[in-house]
Amino acid sequence: MSVIGLLLIVKFGYNTATMIIFLYGPDDFRARQKITELRHKFTKEIDPTGSSLISIDGAKTTVKEINDAYRPASLFSTKRFISLSGVM
């Protein structure tokens with residue numbers, strides 16, 4: 001078993017609310033299962049094209065890359081789903 005840290009950032013538009021979900025613990029199977037469930041719900045209800053889904057490997061990324069992912073890429077994309085894994 002490995003300890004996994006998963007951080008989900010769901011941004012709702014420019015200068016609006018951000019939801020952060022932090023999953024941590026030795027059960028990486030259930031954590032990844034929850035991420036898959038939330039990602040599926042996001043694509044089904046908010047972004048069917050999946051263009052607003054971003055997955056980042058926390059062990060290989062920089063703060064700048066995370067910040068760039070968080071910033072709005074488009075005026076037309078109002079919500080974004082960012083999955084940051086391996087942060088612990």
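Ile20 is located in strand β2, which spans residues 18-25. With a relative accessibility of 56%, Ile20 counts as exposed, because the cut-off for that class is over 50%. The C-alpha atoms of Ile20 and Ile82 lie 9.6 Å apart in space, although 62 residues separate the two in sequence. These values, like those that follow, are computed from a predicted model.

**Overall architecture**

- The chain contains two helices and four strands, and their order along the sequence is β-β-α-β-α-β.
- The chain has 88 residues, of which 30% count as buried.
- Among the contacts in the chain with a separation of 6 or more, 59% are between residues 24 or more positions apart.

**Aromatic pair**

- Across the whole structure, the search finds one aromatic pair.
- The partners are Phe42 and Phe81, in a tilted arrangement with 5.4 Å from centre to centre and 45° between the planes.
- Phe42 belongs to helix α1 and Phe81 to strand β4, so the pair ties together parts that are 39 residues apart in sequence.
- Phe42 and Phe81 are both buried.

**Salt bridges**

- The count of salt bridges comes to two.
- One of these salt bridges joins Glu37 and Lys34, whose closest N and O atoms are 3.2 Å apart.
- Glu37 and Lys34 are separated by about one helical turn because they stand three residues apart in helix α1 (residues 28-45).
- Glu37 is partly exposed, at a relative accessible area of 46%, and Lys34 is also partly exposed, at 35%.
- A salt bridge also links the side chains of Asp68 and Lys64, with an N to O distance of 2.8 Å.
- Asp68 and Lys64 are four residues apart, about one turn of the helix, and both are in helix α2 (residues 63-70).
- Asp68 has a relative accessible area of 39% and is partly exposed, whereas Lys64, at 57% relative accessibility, counts as exposed.

- Thr61 sits in the loop between β3 (53-57) and α2.
- Thr61 counts as buried because its relative accessibility of 18% falls under the 20% limit for that class.
- The side chains of Thr61 and Glu65 are joined by a polar contact of 2.6 Å.
- When residues up to four places away in sequence are not counted, Thr61 touches Ile56, Ile66 and Leu84.

**Ile54 in strand β3**

- Ile54 is placed in strand β3 and is partly exposed, with a relative accessible area of 23%.
- With residues up to four places away in sequence left out, Ile54 touches Ala69, Arg80, Phe81, Ile82 and Ser83.
- Among these neighbours of Ile54 is Phe81, which is also a member of the aromatic pair with Phe42.
- Ile54 and Ile66 are twelve residues apart along the chain, and their C-alpha atoms are separated by 10.0 Å.

**Nonpolar surface patch**

- Phe22, Tyr24 and Val87 make a nonpolar surface patch of about 300 Å².
- Val87 is found in the segment after β4 (79-85).
- Val87 is partly exposed, at a relative accessible area of 32%; this value meets the requirement for patch residues, which is over 30%.

Conventions. Residues are numbered from 1 along each chain as its sequence is written. This is a predicted model: local features need pLDDT of at least 70, side-chain atom pairs count only at pLDDT 80 or more; totals for chains, interfaces and linings use all residues. Side-chain values use heavy atoms; hydrogens and water are left out. Patches are made of residues with over 30% relative accessible area and no salt bridge: like charges are joined within 9 Å, nonpolar side chains (Val, Leu, Ile, Met, Phe, Trp, Tyr) within 5 Å. Accessible areas come from the Shrake-Rupley method with a 1.4 Å probe; for residues, only the protein chains shown count as cover. A salt bridge is a side-chain nitrogen of Lys or Arg within 4 Å of a carboxyl oxygen of Asp or Glu. Buried means under 20% relative accessible area, exposed over 50%, partly exposed in between (1.4 Å probe, protein chains only). A polar contact is a pair of N or O atoms within 3.5 Å; within protein, one must be able to donate a hydrogen and the other to accept it, and residues adjacent in sequence count only if both atoms are side-chain atoms. Contact means heavy atoms within 4.5 Å. Rings of Phe, Tyr and Trp (its six-membered ring) pair if their centres lie within 6.5 Å; planes under 30 degrees apart count as stacked, over 60 as edge-to-face and the rest as tilted.
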